Amino acid sequence: MKQATLHQLKVFEVVARHKSFTRAAEELFLTQPTISMQVKQLTKAVGLPLFEQVGKRLYLTDAGQELLATCQEIFERLEQFEMKIADFKGLKQGRVRLSAITTTKYFIPRLLGSFCQRYPGIDIEFKVTNHEKILSRLSENLDDLYILSQLPEQGDINYQAFLDNPLVVLASIDHPLAHEKNIPLQRLAGEPFIMREPGSGTRSAVQQLFDQHGVSVKVKLELGSNEAIKQAIAGGFGISVLSRHTLGLEGISQQLAILDVEGFPIQRDWYVLYPAGKQLSIVANTFLEFLLEAAKQMATQTAEPSL
Ligand code: PGA
């Protein structure tokens, strides 16, 4: 391995991540023959094949997988070193990788705006996806911090609840139930229901409540987007359960009503977490502190009107 260069390791890491020479060439702005040559030289230095091609697909060999894990550790350490040096120079510089469930997109992007103003040297990679996909990113150690509403059952993690994330029943503003009080949960069984996709945390929390009370709803439509669900409700398609955070300030929310249904809101929290063994980088820590501070402020602001 003494002959291997950092550049070759970088090229290899990108090919291994995309499982494609073409996409690696695109990401690195290099030609495909250059990529192939770098991987060939690295393979020679390792002394074992790193990839195997089956049909059109590229797979990592055992040696390739081992090398990929090693490369990821090396690059993470180098990134941390760069951040430390920047910190010595009095600068906060580096990249924070963040993945979060869909409902946080009504809160986190705004926060990112003020964070980036305060720390112009910090770049953010922000991935918004559903609960199940966040868990799989967590198991692959792809990000620095993860935000979700239901803690993983397995794995040693550091976590902190930072804001509530209640789930409410939504109907169109002119729905007959919109003005009723104390609606029994069972009444929802008679309504056309719009459900989030399998893998969604919202869906599993709702399903759990219905199962506990033996309620079976008529799922007329399954949608993978909170926005699309709100449009469908406003269009009179049926009712659904979503996080109250999805009721942002935009126009569509004025066409929706929160129903007063027994068992609702389902009280949940947003948690920020990371694997217990992970050493958070300086910039990830900076973001974590910023997030917790902003959440504290937001919680006092929302609490104030009812004081
Ligand atoms: P989901 O999570 O996007 O997986 O439904 C949202 C939430 O739990 O608030």
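Ala, Val, Leu, Ile, Met, Phe, Trp, Tyr, Cys and Pro count here as nonpolar, Asp, Glu, Lys and Arg as charged, and the others, Gly among them, as polar. This is a predicted model: local features need pLDDT of at least 70, side-chain atom pairs count only at pLDDT 80 or more, and totals for chains, interfaces and linings use all residues. Residues are numbered from 1 along each chain as its sequence is written, and side-chain values use heavy atoms, without hydrogens and water.

**View 1. Lining of the largest pocket.** The lining of the largest pocket has 18 charged, 8 nonpolar and 5 polar residues. A pocket is an open set of points on a 1 Å grid over the protein atoms alone, where a 1.4 Å probe fits, with protein on both sides within 12 Å along at least five of seven lines; lining residues have an atom within 4 Å of a point. Of the 31 lining residues, E13, R17, Q72, R97 and L142 lie nearest the centre.

**View 2. Largest nonpolar core.** This core has 34 residues; I108, L145, I147, F162, F287 and L291 touch the most other members. A nonpolar core joins buried Ala, Val, Leu, Ile, Met, Phe, Trp, Tyr and Cys residues through side-chain atoms within 4.5 Å; buried means under 20% relative accessible area (1.4 Å probe, protein chains only).

**View 3. Around F162.** Contact means heavy atoms within 4.5 Å. Leaving aside neighbours within four places in sequence, F162 is in contact with F107, I147, W270, Y271, V272, L291, L292 and A295.

How values were computed: Buried means under 20% relative accessible area, exposed over 50%, partly exposed in between (1.4 Å probe, protein chains only).
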